[in-house]
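Please take a look at the sequence and the structure, and then read on.

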Amino acid sequence: MLPLDPQADPGRRAWVACPKCADARGCEPCEQRRTCSTHWRYLLTNTGSMLHLQCPGCTHVWVHESGFGATRSRWDRATGAGPGF
C-alpha cells in the first residue's frame with residue numbers, strides 16, 4: 001500500500017470511482033452521481049481536464065480524464081498522450 005501523497009489535502013476533493021477498490025459500489029449517492037461524504041478522492045493536481053487522484057481508502061493513484069473544461073486535443077485523447085502518473 002502506498003502512503004498518502006504529500007499533495008493530498010482534504011480541502012481538494014473529487015468524486016470519482018476508484019478503479020482499484022470500488023469502495024463506492026452499492027452507495028446510493030455515488031450510484032446517482034451525487035457527492036458523498038464517505039467516497040471522495042484526493043485531487044492531487046490537475047492539468048486542464050486531466051485529474052490526478054488518490055483514493056484515501058486504498059491509496060491507489062491514477063489519472064482521470066474528466067472531459068470538463070479545457071480538454072486535451074483530439075489527437076492526445078486518441079493516442080493516449082498526456083502526462084503520465
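Which residue of β2 stands opposite Ala-14? The residue facing Ala-14 is Arg-41 in β2.

## Before we start

This is a predicted model, in which local features need pLDDT of at least 70 and side-chain atom pairs count only at pLDDT 80 or more, while totals for chains, interfaces and linings use all residues. Residues are numbered from 1 along each chain as its sequence is written, and side-chain values use heavy atoms, with hydrogens and water left out.

## The overall plan

The protein has two helices and four strands. These are DSSP runs numbered from the N terminus: helices are H or I runs of at least four residues, and strands are E runs of at least two. Read from the N terminus, the order of elements is β-α-β-β-β-α.

Of the 85 residues, 27% are buried. Here buried means under 20% relative accessible area, exposed means over 50%, and partly exposed is in between, using a 1.4 Å probe and protein chains only. The accessible surface comes to about 5,700 Å², and carbon and sulfur atoms hold 53% of that surface; such areas come from the Shrake-Rupley method with a 1.4 Å probe, and for residues only the protein chains shown count as cover. Among contacts (heavy atoms within 4.5 Å) between residues at least 6 apart in sequence, 45% join residues at least 24 apart.

## The sheet

The four strands make an open sheet in the order β1-β2-β3-β4, with antiparallel pairing. Two strands pair if DSSP finds at least two bridges between them. At the edges lie β1 and β4 (61-65), each pairing on one side only. Strands β1 and β2 run antiparallel and are joined by two bridges.

Five bridges link β2 (residues 41-47) with β3, again in the antiparallel sense.

## A closer look at His-52

His-52 sits in strand β3 (residues 50-54), where this histidine is the bridge partner of Thr-45. The side chains of these two residues also make a polar contact, at 2.4 Å. A polar contact is a pair of N or O atoms within 3.5 Å; within protein, one must be able to donate a hydrogen and the other to accept it, and residues adjacent in sequence count only if both atoms are side-chain atoms. Is His-52 buried or exposed? With a relative accessible area of 5%, His-52 is buried.

## The cysteines

How many disulfides are there? The count is zero, where a disulfide is a pair of cysteine sulfur atoms within 2.5 Å. Cys-30 is in no disulfide, and the nearest cysteine sulfur, that of Cys-27, lies 3.6 Å away. Likewise, Cys-36 is in no disulfide, with the sulfur of Cys-27 as the nearest cysteine sulfur at 3.7 Å. Cys-30 counts as partly exposed at 21% relative accessibility, whereas Cys-36 is buried at 8% relative accessible area.

## Near the start of the chain

Pro-3 belongs to the segment before β1 (13-14). This proline counts as exposed, at 64% relative accessibility. Pro-3 and Cys-58 are 55 residues apart along the chain, and their C-alpha atoms are separated by 9.4 Å.
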